[in-house]
Amino acid sequence: MEKTQTAAGIKKLKGVRKISMLTAYDSLFAKILDETGIDIILVGDSLGNVALGYKNTVPVTLMEMVIHTQAVARVVQNSMIVADLPFGTFQQGVEHALCSAVDLIKAGANAVKLEGAEYTEAVKAIVKAGIPVVGHLGFTPQSVNQTGFKCKVQSEKLKAKAKKLEQAGCFAVVLEMVDEKIAAQITKALKIPTIGIGSGSHCDGQVLVTADLLGLYENPPKFVKKRSNLRNIIKSALIEFKESI
Ligand code: KIV
């Protein structure tokens with residue numbers, strides 16, 4: 001069945017209305033997100049921290065991304081599915097990057113996302129093969145061993161990097177932890193939509209890790225507005241069950 005939301009459709013939303021993107025790694029959450037009309041479901045490599053118990057996203061493998069993308073794709077009818085190319089699956093050359101992207105598309109993704117502006121030849125090859133690509137700039141979690149953990153990215157160079165990704169054929173770019181003013185300037189300078197996370201309200205869309213938004217963590221990042229306190233709600237129900245038997 002044709003999806004309601006496509007890469008071309010997402011691009012056309014720039015300047016019309018805000019784009020919504022949230023993470024899911026399994027069928028249960030993916031189905032709920034799809035039912036709410038979220039534009040894009042991101043099978044992010046945050047899978048590593050959120051669901052697999054890794055300390056960061058670096059250890060996530062392509063096979064893990066494939067399995068979780070399949071789980072999401074089995075139930076999603078309308079939202080566009082974007083899957084992350086994990087660390088080490090696009091850096092070794094254009095052909096390797098293309099093969100990795102193809103594996104995620106065969107698993108059911110409608111597009112892939114990759115971090116940084118250093119691999120534009122890979123982006124071009126993936127787009128040429130008919131696979132839409134989302135870029136990811138600012139704080140790029142796969143470089144944590146080089147950059148350390150989250151800090152605001154203020155570099156003026158980001159605009160040039162974003163332009164490079166647009167020229168390579170990306171249909172959108174995620175801006176993570178980018179200074180609000182710089183994110184606004186990039187949003188104005190690009191024809192493709194920017195999707196912000198911790199980068200202020202001027203981006204064309206917003207993305208969050210769903211577990212943060214729902215209050216499943218005690219201490220989510222500061223920029224996240226908790227919309228629920230699911231951790232406490234779940235715990236109360238579990239304790240109530242335990243004490244009722
Ligand atoms: O993996 C992920 O969840 C992401 C978002 C934080 C944008 O890349």
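Start by selecting helix H6, whose buried residues pack against helix H5 (94-106), E4, E5 and H8. Contact here means heavy atoms within 4.5 Å, while helices (H or I, at least four residues) and strands (E, at least two) are DSSP runs numbered from the N terminus. Before you go on, note that this is a predicted model, in which local features need pLDDT of at least 70, side-chain atom pairs count only at pLDDT 80 or more, and totals for chains, interfaces and linings use all residues. Residues are numbered from 1 along each chain as its sequence is written, and side-chain values use heavy atoms, with hydrogens and water left out.

**Stop 1: helix H6.** Show residues 120-128 and colour Thr120, Ala122, Val123, Ala125 and Ile126, the buried residues of the helix. Buried means under 20% relative accessible area, exposed over 50%, and partly exposed in between (1.4 Å probe, protein chains only). Then step past the helix to Gly130, which follows H6 and has a positive phi, near 90°.

**Stop 2: the first annotated set.** Now select Asp45, Asp84 and Glu115, where UniProt places the feature "binding site" in an unreviewed entry. These residues are spread over 71 residues of sequence but cluster in space, with a largest C-alpha distance of 10.8 Å. UniProt positions are given in the numbering used here, feature names are shortened, and annotations may be inferred rather than shown by experiment.

**Stop 3: Asp45.** Centre on the loop between strand E2 (40-43) and helix H3 (47-50), where Asp45 lies. Asp45 has a relative accessible area of 3%, so it is buried. Beyond its neighbours within four places in sequence, Asp45 has contacts that include Asp84, Glu115 and Gln142.

Stop 4: Move to strand E3 (residues 80-84) to find Asp84, which is buried at a relative accessible area of 2%. A polar atom of the Asp84 side chain lies 2.8 Å from the backbone nitrogen of Asp45. The Asp84 side chain also makes a polar contact with the side chain of Lys113 (2.8 Å). A polar contact is a pair of N or O atoms within 3.5 Å; within protein, one must be able to donate a hydrogen and the other to accept it, and residues adjacent in sequence count only if both atoms are side-chain atoms.

Lys113 sits in strand E4 and is buried at 2% relative accessibility. UniProt places another "binding site" feature (unreviewed entry) at Asp45, Ser46, Asp84 and Lys113. No two of their C-alpha atoms are more than 12.4 Å apart although they span 69 residues in sequence, so they gather at one spot.

**Stop 5: Glu115.** Follow strand E4 (residues 111-115) to Glu115, which counts as buried at 6% relative accessibility. Show Gln142 as well: its backbone nitrogen lies 2.9 Å from a polar atom of the Glu115 side chain.

**Stop 6: the second largest pocket.** Which residues lie nearest the centre of this pocket? Select Gly116, Glu118, Gly138, Thr140 and Ser143, which hold that place among the 21 residues of the lining. A pocket is, on a 1 Å grid over the protein atoms alone, an open set of points where a 1.4 Å probe fits, with protein on both sides within 12 Å along at least five of seven lines; lining residues have an atom within 4 Å of a point. Strand E5 (133-138), helix H7 (144-147) and helix H8 (157-168) each supply at least two lining residues.
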